[in-house]
Amino acid sequence: MKEETVIKVEGLTKVFGDFTAVNKISFHVRKGEIFGFLGANGAGKTTAMKMLIGISAPSSGSANVAGFDVYTQTEDIKKSIGYMSQKFALYDDLTVKENIRFFGGIYGLSKNRISQKSNLLIEELGLEKVAHSLVGSLPLGWKQKIAFSVSLLHDPKIVFLDEPTGGVDPITRRQFWEMIYKAANNGTTIFVTTHYMDEAEYCDRVSIMVDGNIEALDTPKNLKTHFGSDSMNDVFLKLARS
Amino acid sequence: MRVILYIINKEFRQIFRNKGMLPIIFILPLLQLVILSNAATYEINNISFGYVDNDHTHTSRALIDKFRASTFFDVSQVFPHPKESDLAMLQGEVDVVLTIPEHFERDLWKDKNIDLGVTINAIDGAAAGVENVYITQIIKTFNKNLSVDMVQLSNNTVRPVLIEGIPLFWYNKTLNYKTFMVPGILVLLVTMITLFLSGMNIVREKEIGTLEQINVTPIKKHHFIIGKLFPFWVIGMGLLTIGLVLAKLIFATPMLGSLALMYFYTSIYILVILGMGLFISNFTDTQQQAMFIAWFFVVIFILMSGLFTPIESMPKWAQFLTEFNPIKYFVEIMRMVMLKGSGLTDILPQLVKTTLYAVIMNAMAVWSYKKIS
């Protein structure tokens, strides 16, 4: 079986003035893969991700996401991807249902499809009681789960998650990763950045960025063997310190 | 098109859910209309008036009584000596001092020229000018009556010819300042509310991070902008309606022209302001910045709109600048249509300029809104 590549990045670079935030990174992501995009704060993860989702123009290099070019076809990319940022990005002053309807609407889903998806989502997350509550009144962990589900509303090929579990408790994180696995099993490619090294262990492959460069890229198991460590935490520390 | 409806729906929900914002949108402007229309007047009343009477005769007292009889002056102070009056002026106790010279009555009968001393506090030049007119008028009337008296007393067959201009005030016959101000204040509140709301709206989404989420969706720029601005357009038209009703009910402001024309013009005018608000929010990162920039423009626009001071009396370069002031056009149209009953052909120049303005402003707003940084 030939594996389909959904993200192709070659020598992608982003320069701000005389600061190189992302320095000629290259990697491929396969369909249905959970790709962990690791790095310390300020290593360039978010900048790289913003170029891939079409909201930041690259300085040089090439990248192809879901078959579309990041320079010329950003709006096509946006139809094929979902995105959830570290900044919680649902509307606090709208209810759960209204948020779902709004985002479904701007992705061009039909009215029936929206109400169908909305009911399904509310049932799956067990949100029947709060469906008509303002999102702002819900605990952070719930909001994150709703935001993730909303990013999947239009059945994207790839979902980009930027530190999705920041600030939530371990139980919720666990549940969150179960949702990620489920989406990956349905064939959705997951591109996720995180600071939690235990989460890195859940990924199929991880890349580790240091100062704008990708210093390592492999399965968690191979990385541990290669660096002679017994945890991803150790691998990360060795790379980040060197 | 459906996408636009989803955005409009969301915006309206957010606006009407924001309990802190609703009174600001609907109640404050109306308070503004009621308060400002009454307060922003050029009429000057209760001028504190003092005098130095060096003559102490029947005639000098008669002159002072004329001032006492006027509703504009508050004759409160008598000064025995100019030194005292100067001091009172310095301390701000009087605004106008009339000095009647010695032998005032005697010289009058001798038909000599008499100089009355009038001192006016001119820190506020405009007020001083108005006060000067009031004083001159009172003295003139006094002079006229006096000469009639003298003619009668002397039984002279040749009556002095008295020429008097009778002014006819068109469009605002009673010189009611409220009639003049209400249409202008209405312009202000429609402008300010729509500019601030649209200017802060998108920048607010930038602040809370939802704009990034929107930018990652395949939404079209013009869909997003139309959906965003339409609710504020509706609010602007709503404000105009409430304002017109209040103007009629409270101030009995006339509406001589076509109401439909008024609405037609306003519908285009609001587009200019919304485009401007959006343009501002595209170049700012916080609501605070957007607010300051919006204020900067609003203050300049208001002061240079001809609302409070006539554009004709501004220097040439300033008059040129007012050509770029949308508020100026709206104030002109409001006054023309409401007070003069002007029709479409009369307001055509302003209408064309405003339409052009709207097209340019909104093109710039759409152009400057970037989904990609």
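This is a stop-by-stop tour of a predicted model, with something to select at each stop.

**Stop 1: where the chains meet**

Colour chains A and B separately. At their meeting place, 20 residues of chain B are in contact with 23 residues of chain A. Stay on the chain B side. Select helix H1 (2-17) and helix H8 (210-215) of chain B, the elements that give two or more residues to this side. H1(B) gives the most, with 7 residues. Now colour the chain B side by residue class.

**Stop 2: strands in chain A**

Move to chain A and select strand E1 (residues 5-16) and strand E4 (residues 60-65). These two strands of chain A run antiparallel and are joined by 5 bridges. For one pair, show Thr13(A): its bridge partner in E4(A) is Ser60(A).

Then go to the turn. The hairpin of E4(A) and E5(A) has 2 residues between the strands, and Ala66(A) takes a positive phi near 55° in this hairpin.

**Stop 3: the largest nonpolar core**

Which residues touch the most other members of the largest nonpolar core? Select Leu52(A), Ile53(A), Phe160(A), Ile190(A), Phe191(A), Leu186(B) and Leu189(B) to see them. The core holds 129 residues. Helix H7 (residues 177-208) of chain B gives the most to this core, with 16 residues.

Centre on Phe160(A). Leaving out residues up to four places away in sequence, Phe160(A) touches Met49(A), Leu52(A), Ile53(A), Ile81(A), Tyr83(A) and Phe191(A). Another core, of 15 residues, lies apart from the largest one. Its members include Ile47(B), Leu63(B), Val75(B) and Ile100(B).

**Stop 4: a glycine in H7(B)**

Select Gly184(B), which sits in helix H7 of chain B. Is Gly184(B) buried or exposed? Buried, because it has 22 C-beta neighbours inside 10 Å, and 20 or more are needed to count as buried. Show Leu307(B), Val331(B) and Met334(B): Gly184(B) touches these, not counting residues up to four places away in sequence. Gly184(B) and Thr355(B) are 171 residues apart in sequence and 20 Å apart in space, C-alpha to C-alpha.

**Stop 5: the two domains of chain B**

Colour chain B by domain. Domain 1 covers 2-40 + 173-368, and domain 2 covers 47-154. Their centres, taken over C-alpha atoms, are 48 Å apart.

Select strand E1 (residues 47-53) of chain B. This strand is mostly covered, with 5 of its 7 residues buried. Tyr51(B) stands opposite Val78(B) in E2(B).

**Stop 6: a one-sided helix in chain A**

Finish at helix H9 (residues 232-241) of chain A. Show its buried residues: Met232(A), Val235(A) and Phe236(A). Turn the view to look down the axis of H9(A). The buried residues fall within an arc of 95°, so they line one face of the helix. An α-helix has 3.6 residues a turn, so residues three or four places apart point the same way. Now bring up what covers the buried residues of H9(A). The cover includes strand E3 (34-39), helix H7 (197-202), strand E9 (205-210) and helix H8 (220-227) of chain A.

Note on methods: Residues are numbered from 1 along each chain as its sequence is written. Chains are lettered from A and ligands numbered from 1 in the order in which they are written. This is a predicted model: local features need pLDDT of at least 70, side-chain atom pairs count only at pLDDT 80 or more; totals for chains, interfaces and linings use all residues. Two residues are in contact if their C-beta atoms, placed from the backbone, lie within 7 Å. Helices (H or I, at least four residues) and strands (E, at least two) are DSSP runs, numbered from the N terminus. Two strands pair if DSSP finds at least two bridges between them. A nonpolar core is a set of buried Ala, Val, Leu, Ile, Met, Phe, Trp, Tyr and Cys residues joined through C-beta atoms within 7 Å. A residue is buried if 20 or more other C-beta atoms lie within 10 Å of its own, exposed if 12 or fewer, and partly exposed in between; C-beta atoms are placed from the backbone. The arc is that of the directions from the helix axis to the C-beta atoms. Domain bounds come from an automatic or database domain assignment.
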